[in-house]
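Let's take a walk through this protein together, one piece at a time. Have the sequence and the 3D view handy as you read.

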Amino acid sequence: MKHLMALAALPALLLSPPALTAAPHEPAPIKTRAYSTPALLFALRTDTQTLARLTPVLDPSFDFVPGPREDARQGNGYRHLGDLALTVRTGNGAERTYTSFEARRPIRVLPAGRALAAADISASMGADLGASVPLAVERRWLNERGTLVLRFTLINRGRQPVQVVSASMPMVFEQQGFGASAEERQASSSTVKPRPGTLGSVEVARANGEAPALRLQPDGRTPLDSWQAMPSGQLQGEQYASWVTSGFTLKPGAKRDIGVRFVIQPQGAAR
């Protein structure tokens, strides 16, 4: 009888589908919105309004930022152009650092007005102790006479002076390259050269030497006081430095704009 039962069950076993293996987890594609200036085509993430693509009109096949890897870089801790880190001291208190990228929170979209996109990113400016940033932080992307501008407005709405020890803007450009061959990786990567100073700039040249290149210049009072490497022990493969402006104080009710301008160099990088 046992043999007969085993034989009867055999067809069912043969017809049963194989067990399904769970597919490896893949990050969900991010949503972006496209914009343009006469010299640049770019895209902003719709959730963070950080830069997800930056290509020159003269060669739309090239991306200055790690756009092709954007889906994999969307989690907490990953820096993007449009992020900000502030080290501040309120009154006689201790210094604290707040960043928009360590633990992202929903931003509040503002009416664009003259800007291409605007948002209050204060809620995403977290600290390791969970404290709220003592400044309101607004960010705008603008097209000013054909030039792309990234501008942050820092506003002291409190009752005590806030000393901004440093304001750091991550300069996230594709310096690794991607592709199957060394030639492909070089064709998709950039070299980044900071030129510190009150009127300092950052030159971003294509690794293969082809034009165009990109120059970042100060917007308003944003001297390139220092070029700060990422702290050790950060996310693997992330080696992006930051444009740092330091040493100013905002009295109650005061505000200050800081930012950079993206200028295309049609003939390539400056020598």
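**A salt bridge to start from**

Find R114 and E144: their side chains meet in a salt bridge, with 3.9 Å from N to O. R114 sits in the loop between β6 (108-109) and β7 (117-120), while E144 belongs to strand β8 (residues 136-144), so this pair ties together parts that are 30 residues apart in sequence. Keep in mind that what you're looking at is a predicted model.

Are the two partners buried or exposed? R114 counts as exposed, because its relative accessibility is 67% and the cut-off for exposed is over 50%. E144 is at 18%, and buried means under 20%, so E144 counts as buried.

E210 is partly exposed, with a relative accessible area of 44%, whereas R206 is buried at 6%.

Next, have a look at the strands. The protein has 16 of them, along with two helices. Five strands make up an open sheet, and if you trace across it you'll meet them in the order β5-β4-β10-β15-β14, with antiparallel pairing. At the edges are β5 (96-99) and β14 (226-228), each of which pairs on one side only. Leaving direction aside, neighbouring strands of this sheet are turned by 30 degrees against each other on average.

What holds such strands side by side? Strands of a sheet pair through backbone hydrogen bonds. For a close look, pick strand β4 (residues 85-90), which runs antiparallel to β5 and is joined to it by four bridges. You'll find A85 standing opposite T99 in β5.

Finally, zoom out to the whole chain. The protein has 271 residues, and 45% of them count as buried. Take the contacts between residues at least 6 apart in sequence: 59% of these join residues at least 24 apart.

Conventions
Residues numbered from 1 in each chain as written. Predicted model: local features only at pLDDT ≥ 70, side-chain atom pairs only at ≥ 80, totals over all residues. Heavy atoms only, no water. Salt bridge = Lys/Arg side-chain N within 4 Å of Asp/Glu carboxyl O. Buried < 20%, exposed > 50% of the residue type's maximum accessible area, 1.4 Å probe, protein only. Contact = heavy atoms within 4.5 Å. Pairing = 2+ DSSP bridges. Axes fitted to C-alpha atoms, helices over the stretch in contact; angles between N-to-C directions.
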